Amino acid sequence: MDAVAGQARQLMHGEVFTRRWVVDLILDLAGYTPDRDLAALVAVEPACGGGAFLASMAARVSASCRKHDRPLLDAKRALRAFDLLAPNVAASRRLIRQVLVDEGWSLAEAGEVAAAWVRQGDYLLEMQVAGGVDFVVGNPPYVRLEDVPADRMLAYRAACPTMTGRSDLYVGFYERGLRSLKPGGVLAYICADRWMRNQYGRHLRELIATGYSVDVAVTMHDVDAFEEQVAAYPAVTVLRRAPQAAVAVADTRRSFGPADALELVEWIANPESSPRADDRYEIARLPHWFDGGDSWPSGSPARLALIEALNDRFSPLEDPATGTRVGIGVATGADGVFITTDADVEPRRLLPLSMVRDTTSGTLSWSGHYLVNPWDADGQLVDLDALPRLRAYYQRHAATLKRRHVAGKRPAHWYKTIDKVDHSLIARPKLLLPDMKTTIHPVLDEGGFYPHHNLYYIVSDAWDLRVLGGLLLSRVAQAFVEAYAVRMRGGTLRFQAQYLRRIRVPRPETISAADRAALAAAFAKRDTRAATEVALRVYGIEDSGDVLDGSVGVRGGGS
C-alpha cells in the first residue's frame, strides 16, 4: 500500500477532470448508450479520478437495465474502474451509489454495485478482463513518463512497448486499452493530441494502423472541456478494433458547447451528412485514415480531406521513380572554423557554400562563404601532411575542433565535419529551401555550390527544377507542410526533410507543356498566386474554397 500511495502522490498532478457534457459527448460517440443492453457488456474506465465519467455511465447503465427489464445486480460486472488514489476510489463509489439511489435502486444494491465497479489499482499493470472488453472510455492522466519513479517507469515500459522516448503516460493508457478490446470494441478518450504528431507517438500510431480503425477525431483545443483551465490541447479520439473505414473529423471553436455536441453526434450518426462549417465547429467525413506510423496531419477537416485525397492520387516528392531526393546541407560542429570568406588554405580546399542569407531574394545571391573542406571526392578525409596550409589552419583551431563530440568519438579524425561532403552534389542543379520560414521558399541553385546545414535541398533526374519550384511555391505545397510541420512562435514553420517528403506531386510527364511553362514563369517571378492557380489545375483541385487560403495552425512539438 505504501508503494501505491507513493506512486499516487507522484501522479496526482496528472489529474484533469472532464465536464459532464463533454463526458456525455464521448460516451455518445463511443456508442455507450442506454438503448443497448449495457449490463451484458463490459466497459472500463482506466483512471476514474473523482468519477466524472462514472456518474454518467452509472445513469446510462441504470436506464439500460430499466429498458431491458434487468435487475441492477445483473450489471455488477459491466463496469471496471481503476484509480491509484484511495480518496478518488471512495469518492467515485459514493458518487455511483448516489446516482443509482437517485435512479430508484435500493441503497444496498447500489452500494454493492459501486463497490464492485471501482477498485484501487494501477490500470497499466493490473487490468485484466478475460475475453476482452467492449468499451474503454475516459481521460487518461497527463504525466511525463520521466516524472514517474524509476522502478515503476521500467515496469510501465515493459508492459507497454509503445511508451518509448520521452513519452507521456497516456500513451500506455491508449495501448493497454486498445489491446484489451474485443473485436468491434471501442476506445474513446479525451486526451492531449501531441502523440498524433510527436516522435514518441510513432509506435502507438503504428499499433493503431495495424489492427484498429480511427472512427472519430474531434479537436477541442479552445473548448472549455475541463473543470479547471489547462493548456492540454485536447482531442477526442474514438478508435475501434476493426478494419479502417470512413472517419468523421471535427475541429471545434471556443464557442462550442453542449447543444453543438448533440448536433455533432447526430451528424456523425448519419452517413449521408454533408460537410458543414460555422463559427462553432467544422466537420467532414474522410473515406479512410492516414496509414502507418508517420505523424498524422493537423488542420481543418476540409484541409485534412484535401490532404488525404492528394495522398491517394499522387506520389511523394521523394521518389526513386523520378530520381528525386530531399537532403540537408553540411553540418560542421564548428561553423566559426569551417566556414570562412578568406581562409589561408590551398584554394582547392575551399568549397563555395550557399547560406540561408543567399536565398532571401528568391534568387541565389552568393555571399562569398566557403567551406574549408576536409573531404576528398572519394569520401575520405584528406591527408593533412600533403596540404601544409590546410594543416596549419586546422592546427590553429585544434582546441575548438577537438572539443566537439564528433572528434571525441574518433580522435584521429579530429578535423572532420559532422557530415561528409557529397562531391557529386556540388555541380548538380538543386532547389534550396531554408529550414525556418513562415511560407515555403524554394530557390534554384544551378550548380557550383554546396548547401549549409540550415538549408534543405532537392535534386531530381526527371524534374525540370523550375517547374518543380513553381509547384513548391504554391499554396498546395504549403498546405502539406502546414499539415505536418511544427509551427513555432510567430508562425514560423520548420521546412525539414521529413515534412518536405510528405508533399505529394504529379508525375512530371503528366503536366502539359503550357502548365510547365506557367509554373516555371511563376517560379521565376516568385508569384505564389500564379503558381497556385496552375497547381490547382495540375492537381485537379476544382474548388479549394478557403482550404488553401486560410492559415492552419499546427500545435505541438517536442520529442
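In the predicted model, Val-136 is placed opposite Leu-187 of strand E5. The pairing to which these residues belong is that of strand E4 (residues 133-138) with strand E5 (residues 181-192), two parallel strands joined by five bridges. Both strands also form part of an open sheet of ten strands with mixed pairing, in which the order is E3-E2-E1-E4-E5-E7-E6-E8-E10-E9.

Helix H2 (residues 20-30) lies across E4, E5, strand E6 (213-219) and strand E7 (234-240), and runs at about 155° to E5. Helix H3 touches strand E1 (43-45), strand E2 (79-83), E3, E4 and E5, with its direction at about 155° to that of E1.

Helix H3 (residues 52-67) also packs with helix H4 (residues 86-102), the axes being 9 Å apart and at an angle of about 35°. The crossing of these two helices is right-handed. On the H3 side, the contact is formed by Leu-54, Ala-55, Ala-58, Ala-59 and Ser-62, and on the H4 side by Ser-92, Leu-95, Ile-96, Val-99 and Leu-100. Classified by residue type, the contact between H3 and H4 comprises eight nonpolar and two polar residues, with no charged residues.

Strand E20 (residues 455-459) is mostly covered, with five of its five residues buried. In a regular strand, side chains alternate between the two faces of the sheet. In E20, Leu-455, Tyr-457 and Val-459 are buried on one side, and Tyr-456 and Ile-458 are buried on the other, so that both faces are covered. Strand E12 (residues 325-328) pairs with E20 in the antiparallel sense through four bridges, and Gly-327 stands opposite Tyr-457 of E20. An antiparallel pairing over four bridges is likewise found between strand E16 (residues 430-434) and E20; here Leu-433 is opposite Tyr-456.

In soluble globular proteins, nonpolar side chains tend to be buried together. The largest nonpolar core of the model contains 146 residues, of which Leu-29, Trp-195, Leu-264, Ile-503 and Tyr-539 touch the most other members. Beyond its neighbours within four places in sequence, Tyr-539 contacts Leu-310, Arg-313, Phe-314, Leu-471, Val-476, Arg-504, Val-505 and Pro-506. Another core, of 36 residues, lies apart from the largest one and includes Ala-334, Val-345, Met-355 and Leu-401.

How values were computed. Residues numbered from 1 in each chain as written. Predicted model: local features only at pLDDT ≥ 70, side-chain atom pairs only at ≥ 80, totals over all residues. Heavy atoms only, no water. Core = buried A, V, L, I, M, F, W, Y, C linked by side-chain atoms within 4.5 Å. Buried < 20%, exposed > 50% of the residue type's maximum accessible area, 1.4 Å probe, protein only. Contact = heavy atoms within 4.5 Å. Axes fitted to C-alpha atoms, helices over the stretch in contact; angles between N-to-C directions. Left-handed = near helix turned anticlockwise from the far one by under 90°. Nonpolar A, V, L, I, M, F, W, Y, C, P; charged D, E, K, R; others polar. Pairing = 2+ DSSP bridges.
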